[in-house]
Amino acid sequence: QVQLVESGGGVVQAGGSLRLSCASSGSIFRINSMGWYRQFPGEQRELVATLTIGGSTNYPNSEKSRFTISSDSAKNTVYLQMNSQKPEDTDVYYCNVGGFWNNDYNSFAAWGKGTQVTVSS
């Protein structure tokens, strides 16, 4: 079983920065993809950024100029650096990690419990 623990959320003023972290632990043979999502209560979860094992990144919305996804493979940790934050960035942020948990290539997809980010105006 794979567990994800997010940290780094909090309250920041508009224009400020936060860095979210998501540490993976448990039965992990290889991580193939990592991503960050966000969700406002009552709304659908929205993809913020993804990072593949090959280093490809994807920012499907307009955050590419302000957000950066990265990882530390030695620590099985994925980060989301958020700069120039806006009040509309206020959400619960979730990390998602997919990969194989053994060398038989049995796959897993895990979610963290979320970390609250609040940007004040």
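Which side chains does a polar contact of 3.4 Å join? The side chains of Arg-38 and Asp-89. The legends below describe close-up views of a predicted model.

View 1. Arg-38 belongs to strand β4, which covers residues 30–39. Its relative accessibility is 8%, so Arg-38 counts as buried. The Arg-38 side chain makes a polar contact with the side chain of Glu-63, at 2.5 Å. Another polar contact, of 3.4 Å, links the Arg-38 side chain to that of Asp-89. Beyond residues up to four places away in sequence, Arg-38 touches Gln-44, Arg-45, Glu-46, Val-48, Glu-63, Phe-67, Asp-89, Asp-91, Val-92 and Tyr-93.

**View 2. An open sheet of 4 strands.** The strand order is β1-β3-β8-β7. Pairing is antiparallel. Strands β1 (2–7) and β7 (67–72) form the edges, each pairing on one side only. From one strand to the next, the twist averages 15°.

**View 3. Strand β7 against strand β8.** The two strands run antiparallel, and 6 bridges join them. Strand β8 spans residues 77–82. Phe-67 stands opposite Met-82 of β8. Phe-67 is also among the residues that Arg-38 touches.

**View 4. Strand β1 and its two faces.** Side chains alternate along β1. Val-2, Leu-4 and Glu-6 point to one face and are buried. Strand β3, residues 18–26, runs antiparallel to β1 and is joined to it by 6 bridges. Gly-26 in β3 is the bridge partner of Val-2.

View 5. Glu-6 lies in strand β1. This residue is buried, yet it has no salt bridge. Arg-45 is the nearest side chain of opposite charge, 7.4 Å away. Leaving aside neighbours within four places in sequence, Glu-6 contacts Ser-21, Cys-22, Trp-36, Tyr-93, Tyr-94, Cys-95, Gly-112, Lys-113, Gly-114 and Thr-115. Tyr-93 is also touched by Arg-38.

**View 6. Ala-23 in strand β3.** Ala-23 is found in strand β3. Its relative accessible area is 32%, so Ala-23 is partly exposed. Apart from neighbours within four places in sequence, Ala-23 is in contact with Gln-3, Leu-4, Val-5, Asn-76 and Thr-77. Ala-23 and Cys-95 are 72 residues apart in sequence. Their C-alpha atoms are 9.3 Å apart in space.

**View 7. Two loop residues with positive phi.** Most residues other than glycine have a negative phi. Ser-84 has a positive value, near 45°. This serine lies in the loop between β8 and β9 (91–100). Ser-84 is partly exposed, at 42% relative accessible area. Tyr-105 has a positive phi of about 60°, although it is not a glycine. Its place is the loop between β9 and β10 (107–111). Tyr-105 is partly exposed, with a relative accessible area of 48%.

Definitions and conventions. Residues numbered from 1 in each chain as written. Predicted model: local features only at pLDDT ≥ 70, side-chain atom pairs only at ≥ 80, totals over all residues. Heavy atoms only, no water. Pairing = 2+ DSSP bridges. Axes fitted to C-alpha atoms, helices over the stretch in contact; angles between N-to-C directions. Buried < 20%, exposed > 50% of the residue type's maximum accessible area, 1.4 Å probe, protein only. Lys, Arg positive; Asp, Glu negative; His and termini not counted. Salt bridge = Lys/Arg side-chain N within 4 Å of Asp/Glu carboxyl O. Contact = heavy atoms within 4.5 Å. Polar contact = N/O pair within 3.5 Å; in protein donor to acceptor, adjacent residues only side chain to side chain.
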